[in-house]
Structures are given as C-alpha cells and as structure tokens.
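Subject: Handing over a structure, with notes

Dear colleague,

I am passing on the structure that I have been going through.

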Amino acid sequence: MIKIIYTINFLTNGGPTRVLENLIKNLDKNYYEIIVITLINENEMEVVEKIRSQGVRIVELNYKKKLIDILADRNQIIGQINGYHPDVIHTHGIVSTMIVSSKKLKCRKISTIHNSIFEDYKYTYGRYKGILFAYIHIALLKRFYKVICCSKTSYEVIRKYLSQATYIRNGIDIEDRKESNNIRGDIRKQLGIDKNATIYIYAGKLCVRKRVSQLVNMFDGNMADDEYLLIAGDGQIRESLEHSVRDSHIIFLGFKSNIANYFRASDVYVSYSFSEGFSVAIIEALECGLLLLLSDIPSHKECFEMDSNYYIGEIFEETDFVSKKRTIKNRVGDIDNKRASKEFKERYLSSHVMTDQYLKYYEVK
C-alpha cells in the first residue's frame, strides 16, 4: 500500500479543495492510504467530514493565519510528517511547500500550482513583494520530484524555471448529477425570473483581480427585458458593487454552497477575470450544460482551444461585449449546445480524467 500525505492550508468549498476532494474520491483506498494535513484553522467542518467519510484521516494543525507562526514550528511539523512514514507528499499552496521542501523529508514530493503565481501574487501582495514571493515559491519547487500546473497556460510560464514541471488540468464532478427541471424552475420562481428569460451567472470572489466591477458595469444598462445577471460570491468589493448597480435585473446572491442549483437555473456562465489558473466554476458550469462567455485571457482561451469541434461559448473583450453577448444568447436553448457543453466537460475535465493522469506520479518503485 502506498501512503500519500496531502498538505493544504485549509479545507473549504473553494477550488483547490474541490479538486483535492475529487482526486481523493477516485483513488483506490485498498491501494492508497491517505492522510490530509491542514495548516490553518479555517476548515469548513462540512467539507472535513465529507472527506473523512471516504476513510481518509485528516490532521488539523489549527494555526492562525500567520505565516511566521507556521514557519516557527516548521521542524515540529516536519517531525510529525516523518512520523507517518509517507511514500508521497503532495502539497497545495506556497505555505505547505515551504515546509515540505525541507531536505529532512526524504519521500517523493509533488506539488500542484492552482494559480498563475506571478499575476496572483502581484494582486495579493503588491508588485514587488508579489514578484519576490513568486521567485521564492519557484526556488522551493526545484526540490520537488514533480510540479503540476493546473493548466497548460500556467505550465508555459513555469516550465521556463522548472524542468520537472508538467500540467494536469483541473477536473471535478458534481455529485448530484440528476437532471432536474424542478430545480431550474424553483430557483427562477424564488428569484422572480420568468422561465423563458436568459440568465447569465458569475460565481467566485468579488475582488479586483476577478474584475467583477467591470463585468457588472458592462451588463448594467446593456440588458434586454428578458435578461438577468446573477452574481454569486462574496468579497471586499461586494458592498460597493451593490450600491452602484442601477439595473434591477442584476441580482447579488452572496455565497451559495449549492451553487450547482443556480447554475442549473442559468444559461450562460460569465467571467471577466484578469487572471485564472483553471477555473473550477467553469468546469461546474459546463457540467450543468451552460455556455461560456469569458474574458480574453490565456487560461480562458485554453479551454476553447482544447477541441474546436465543440461549441461551448465565446471569448470577449470590453469593446465587443454587446455583440458577443448577442451571439451567445442566440445559441441559448439549443439542445445540441447544452449536450456539447456536458460532453466536452466529460471528455476533458472530469475528475476521472484528472485522477488517471495523477496516478502515474504516485507510483513509487
């Protein structure tokens, strides 16, 4: 039996956790013994229990969200990890990478990069500190057996610095796969939206990097009477956004743990994000049969370039937003497009496809 330890900051309903959860779900528990170590005391217990129910041991270290405190106990954490005698350690995030990169840990080390580190760190820490953190992260990753980017776009950047880098695109599956017209109708009724209206939806953080403010401004004043925009998520700009919107057809939902139900009630997933790794929300939207209306950035274009035989939506810039929105609205309701979205996701972005690619790096001779 191969023992794998996954290290992650915390377990929440966010993208990296969803990817990890789906990866674990597909591993053969008769062949792999799995331990998940979380560093920071921000776990969502519903997610923790869900992973535990798969027979996975979860060790919660419960540090406060201060890097200096975690690094001060680095040797103690390393000793604890060594005590489990792992064959493979798989890290998610820079903090756990800082710990696992230690030469005192002799097993196979793998790390997944869930973002575009140069762009994301710049937005998170500021320009100069962000660049510094990016190069520190890369220096630590040089000590790993394999570095796995979540998209080809991220890989094209990292490969210049790390010869052992590769990419495996994120893949997830929504557990409740039952088609339900009732859910679609119920959500629309709850929101006061006609069954024949076209609904666009964004789900994610409401922050500067995601350019949600610009997205909302593009819709505000550019919607027909039968169009609605749903904004699902929370963040530092939510309050200012809600106060600035004039159009009553733009509805702020807040954070929704059952976001798949709102996807099922919608028609088009939209994002004007400036930077992405490989968005889990896009994968969920495709699984629910939505078309995509996405900003013109490399990771979004990558999705469209994977197979041109499938029509899954449009890439747009601010200058052609209205025309691209009109184009995609004309495709809404076409059963072939709805089926194409789901087939595309199953072929390229399912959790089984992702897991099969990870397995070859877990095999320890």
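The notes below begin with the chain as a whole and then turn to individual residues.

This is a predicted model, in which local features need pLDDT of at least 70 and side-chain atom pairs count only at pLDDT 80 or more, while totals for chains, interfaces and linings use all residues. Residues are numbered from 1 along each chain as its sequence is written, and side-chain values use heavy atoms, with hydrogens and water left out.

The chain as a whole

The secondary structure of the chain amounts to 17 helices and 13 strands, where helices (H or I, at least four residues) and strands (E, at least two) are DSSP runs numbered from the N terminus. The chain is as compact as a globular protein of its length, because its radius of gyration of 21 Å is close to the 21 Å that the globule rule gives for 365 residues; the radius is taken over C-alpha atoms, and the rule is 2.2 Å times the number of residues to the power 0.38. Along the principal axes, the C-alpha trace spans about 65 × 45 × 35 Å.

Of the 365 residues, 57% are buried, a word that stands for under 20% relative accessible area, with exposed meaning over 50% and partly exposed in between (1.4 Å probe, protein chains only). Among the contacts (heavy atoms within 4.5 Å) with a separation of 6 or more, 67% are between residues 24 or more positions apart.

Ala 285 belongs to helix α13, which covers residues 280-287, and it is buried, at 0% relative accessibility. Leaving aside neighbours within four places in sequence, Ala 285 is in contact with Phe 263, Tyr 269, Leu 290 and Leu 292. Ile 81, in helix α4 (residues 74-83), is likewise buried, with a relative accessibility of 1%. If residues up to four places away are not counted, Ile 81 touches Ile 5, Ile 37, Pro 86, Ile 89 and Leu 105, and its C-alpha atom is separated by 9.8 Å from that of Thr 7, which is 74 residues apart from it along the chain.

Two residues with polar side-chain contacts

A polar contact here is a pair of N or O atoms within 3.5 Å; within protein, one must be able to donate a hydrogen and the other to accept it, and residues adjacent in sequence count only if both atoms are side-chain atoms. Thr 112, in strand β5 (residues 108-113), is buried at 2% relative accessible area, and its side chain makes such a contact, of 2.7 Å, with the side chain of His 90. Arg 169 sits in the loop between β7 (165-167) and α9 (181-191) and counts as buried at 18% relative accessibility; its side chain is joined to that of Glu 302 by a polar contact of 2.7 Å. Beyond four places in sequence, the residues that Arg 169 touches include Cys 150, Phe 278 and Met 354.

Two residues with positive phi

Most residues other than glycine have a negative phi. His 85, although not a glycine, has a positive phi of about 55 degrees; it is found in the loop between α4 and β4 (88-92) and is exposed, at 63% relative accessibility. Arg 211 also has a positive phi, near 50 degrees, and lies in the loop between β8 (198-203) and α10 (212-219), but Arg 211 is buried, with a relative accessible area of 19%.
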